[in-house]
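User: I have a protein model to study. Can you take me through a few of its features?

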Amino acid sequence: SMAEGAGAGPRLAELLAAGRRLWEEVETGAEPSSGAPAVQDKVRQGLDALRQAAAMVAQLDLFSENEELEEIASADLKYLLLPALLGALTLKQVDLSKRLEHLESARAHFWRFLKLCRSYGLGSFHLPPASPPGEEDAGSPSPGGPAATQPNLVAMASSRQAKIERYKQKKELENRLASMKTSVESGQADEDQIREFYILQTQKWINTSLEEIESIDQEMVILRSRGTAKQSSAPPHSTSRQVRTPMKPFILTRDAAQAKVFGAGYPGLPTMTVDDWYEQRRRQGVVSGQSAPQRAPGITDEELQKQQQEKKEEEDDEEALQKARNWDDWKDTHPRGYGNRQNVG
């Protein structure tokens with residue numbers, strides 16, 4: 001099939017290489033903000049090159065759903081990555097007003113990549129649903145929202161286990177790729193090594209794509225719920241959303257005393273207490289003052305007081321229960337009359 005695109009070969013390879021290089025520069029860039037004009041230029045150029053390459057691949061019919069992996073020429077294997085790279089660069093765009101459509105587009109790219117890998121039998125993984133969850137009923141949020149449903153602890157544990165596995169695999173893959181990279185790029189590798197190199201790269205991107213789809217789905221739920229909240233409450237354009245600065249890593253401590261202890265041991269990482277953290281997030285406008293009683297529209301002061309009173313009683317009950325539990329524990333470990341020294345004997 002390469003015959004009809006005799007001139008397409010080198011041109012296609014250049015486009016992929018350019019798009020890939022630009023993605024790597026953006027990903028590992030020294031620029032502190034991905035919103036910097038220089039970075040966004042690279043994002044645009046990269047997307048442009050990769051889109052042209054993808055159009056050529058489609059035209060040349062390089063891949064087909066009912067073909068075996070062995071049938072792909074070694075030199076063509078690298079083009080499998082195109083949709084994954086397109087997804088990754090699509091996420092690097094920073095226009096907040098278009099965030100939802102960028103997420104949708106990136107997700108579609110990652111999904112197409114995963115579907116292609118599945119059809120060639122690359123990697124053993126569950127193909128995520130083709131469209132993000134809640135797409136059908138995006139307009140009508142379910143009563144109580146996602147928070148109302150109980151978390152499935154078994155599923156959470158197994159997904160955590162899967163994440164740990166994926167992380168280990170990813171590190172292993174990265175090490176193997178790094179050790180092969182030079183010989184492949186300098187043209188010293190034989191065909192088997194070239195094939196292995198590109199297949200490993202594809203497997204690494206399978207892991208990345210699965211992770212990205214998971215976090216895209218989470219972000220979309222948040223954006224949609226914000227969207228519906230905005231429609232119901234705020235007048236249009238009342239708030240301009242600031243671009244949030246990424247948080248520096250730190251150790252979260254329970255209180256100031258602990259902060260002192262940890263601070264001494266980890267000079268590189270600033271420490272802050274949970275209260276400091278909430279305060280900082282509140283200043284950044286991320287955490288709405290959750291501690292302040294939330295008043296639903298149309299609630300009178302009396303009702304609000306009543307709610308607070310009920311909440312306080314619940315908390316007092318909780319405290320009383322805890323005291324009773326502690327007392328039970330104490331009785332279990334101390335014989336009756338322990339510590340009673342008045343009437344000895």
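Analyst: Ask away. Keep in mind that this is a predicted model.

User: Is D61 buried or exposed?

Analyst: Look at its relative accessibility, which is 55%. The cut-off for exposed is over 50%. D61 passes that cut-off, so it counts as exposed.

User: Is Q40 buried or exposed?

Analyst: Q40 is found in helix α2. Its relative accessibility is 11%. Buried means under 20%. Q40 therefore counts as buried.

User: Which residue has its backbone oxygen 2.9 Å from a polar atom of the Q40 side chain?

Analyst: Leave aside the neighbours of Q40 within four places in sequence. Q40 is then in contact with S34, G35, K92, Q93 and V94. The backbone oxygen that lies 2.9 Å from a polar atom of the Q40 side chain belongs to K92.

User: Which helix gives the most to the lining of the second largest pocket?

Analyst: This pocket has a volume of about 570 Å³. Of its 22 lining residues, the closest to its centre are R20, E24, K181, E185 and Q201. Helices α1 (8-27), α5 (153-185) and α6 (191-232) each supply at least two lining residues. With eight residues, the one that gives the most is α1.

User: How many residues of that lining are charged?

Analyst: Sort the lining of the second largest pocket by class. Eleven residues are nonpolar and two are polar. The charged residues number nine.

Methods
Residues are numbered from 1 along each chain as its sequence is written. This is a predicted model: local features need pLDDT of at least 70, side-chain atom pairs count only at pLDDT 80 or more; totals for chains, interfaces and linings use all residues. Side-chain values use heavy atoms; hydrogens and water are left out. Buried means under 20% relative accessible area, exposed over 50%, partly exposed in between (1.4 Å probe, protein chains only). On a 1 Å grid over the protein atoms alone, a cavity is a set of points where a 1.4 Å probe fits but cannot get out, and a pocket is an open set with protein on both sides within 12 Å along at least five of seven lines; lining residues have an atom within 4 Å of a point. Grid points are joined across faces, edges and corners, and a volume is the space filled by probe spheres set on the points. Helices (H or I, at least four residues) and strands (E, at least two) are DSSP runs, numbered from the N terminus. Ala, Val, Leu, Ile, Met, Phe, Trp, Tyr, Cys and Pro count as nonpolar, Asp, Glu, Lys and Arg as charged, and the others, Gly among them, as polar. A polar contact is a pair of N or O atoms within 3.5 Å; within protein, one must be able to donate a hydrogen and the other to accept it, and residues adjacent in sequence count only if both atoms are side-chain atoms. Contact means heavy atoms within 4.5 Å.
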